[in-house]
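Please have the structure open while I talk.

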Amino acid sequence: MNILITGGTDGLGYRTAFILAKDKKNKLILIGRNKKKGNDAVSKIKNETKNSNIKFLNADLSSINETSLLANKLIGEKINVLINNAGALFYSRNKSTEGIEKTFALNHLSYFVLTNLMLKNKTIVNGGRIINVASGAHRGVDLNFDDIEMVSNYNGWKCYKKSKLCNVLFTKKLSELTKKNKITVNCLHPGFVKTNFGKNNTGFAGLVIKSLMNFFAIKVEEGAKTIIYLASSPEVENISGKYFYQSKINKPSNFAENNSSAEKLWKHSIETISKFGLTI
C-alpha cells in the first residue's frame, strides 16, 4: 500500500509509520514541518525496518498555502491510505501565517485542505481509506460559528477540544461525499498517549502536560493500534463515517453527530480557504 502520514516524524505519527513500514510492501510518505527531524525519521525507519520505500516531504500544515503546495507535489502519487494526524495544543493564542487561529488552522483546516485537494487531484485512489486522528477530547463542547477561532475569551484547552470536534464532524460530512468512489473515511480516539504532544507550551501549562503524560499516558504503540487497524484491516473495508476507539466503533458526542453543524463547518471551511484564492 501507498500510505501518507501527516505529522509522521514524531510521536504517534512516527510510531504508526514505523509499524506500517515493517511490511516491506508498504510505501510511506511522511509529512512534517521540521526538515532535520523528517530526514532523521526516514533514515531511522529505513535502517530499523529495512524498508527503503520511505520518503519525507516538508510542509507547515498550519499554512493553507503550504498545504496547497504540498498537494501539488503529490500529484502523480497513488495513495491508498491517507492518515491525517498532524496537530498541536496551544495554550496561548497563536496565528498561522495567514492570520488564522493556529489550532483551528492546523488541527482542522490542514485535514480539510489536504484531503480535499488530494481527492480533487485524484491522488487518493478509488477504494482508498482516509483516517482522521481525532480525540475523546471532542466531548463536552460545541462549535460557536460566530466565533469559531475564539477571538473572544480564548482558552487553549477548549480550543483544542473544539478542533477535535471538527475532526469528527469533518469525517461525518466527507464520508457522504466519497461514497461514489468507495473511499472510506473514519476517525478515531487513540487514547491519552505518551508523546511530545503539548510540550511546545512553556511554563505551568507545559509542566502540567508533562506530569499527566508521566503518570497517566499509555505507550505510543498502544495509541497506534487503532490507526493501524483502520489502515490495514479487511474488517473495516466497507465501513465509513464512524468514530473508533480501541479498534471498535464508538459513539461520539451528540454534538459530533449534528448534521447541521457538519454542514456549517464544511461551508465555513470553504469560505475561509476561498479568501486565500483556494477552491476545492
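Let me begin with helix α2, residues 35-49, which lies across β2 (27-32) and β3 and runs at about 175° to β3. Please keep in mind throughout that this is a predicted model.

In α2 there are 15 residues, and the distance from the first C-alpha to the last is 21 Å, close to the 21 Å expected at 1.5 Å a residue. Which residues of α2 are buried? They are G38, A41, V42, I45 and T49, and, seen down the axis of α2, these buried residues fall within an arc of 95°, so they line one face of the helix. That set packs against α1 (11-21), β2 and β3, whereas K36 and N47, on the other side of α2, are exposed.

Turning to the ends of the helix, the N-terminal end of α2 is capped by N34, which places a side-chain oxygen 3.1 Å from the backbone nitrogen of K36. After α2 comes K50, with a positive phi near 65°.

Now to the sheet, which is open, has eight strands in the order β3-β2-β1-β4-β5-β6-β7-β8, and shows mixed pairing. Its edge strands, each pairing on one side only, are β3 (54-58) and β8 (248-249). As one example of the pairing, β5 (residues 124-133) and β6 (residues 184-189) run in the parallel sense and are joined over five bridges, and I130 has V185 in β6 as its bridge partner.

How values were computed
Residues numbered from 1 in each chain as written. Predicted model: local features only at pLDDT ≥ 70, side-chain atom pairs only at ≥ 80, totals over all residues. Heavy atoms only, no water. Pairing = 2+ DSSP bridges. Helix = DSSP H or I, 4+ residues; strand = E, 2+ residues; numbered from the N terminus. Contact = heavy atoms within 4.5 Å. Axes fitted to C-alpha atoms, helices over the stretch in contact; angles between N-to-C directions. Expected span 1.5 Å × (residues − 1). Buried < 20%, exposed > 50% of the residue type's maximum accessible area, 1.4 Å probe, protein only. Arc of directions from axis to C-beta. Polar contact = N/O pair within 3.5 Å; in protein donor to acceptor, adjacent residues only side chain to side chain.
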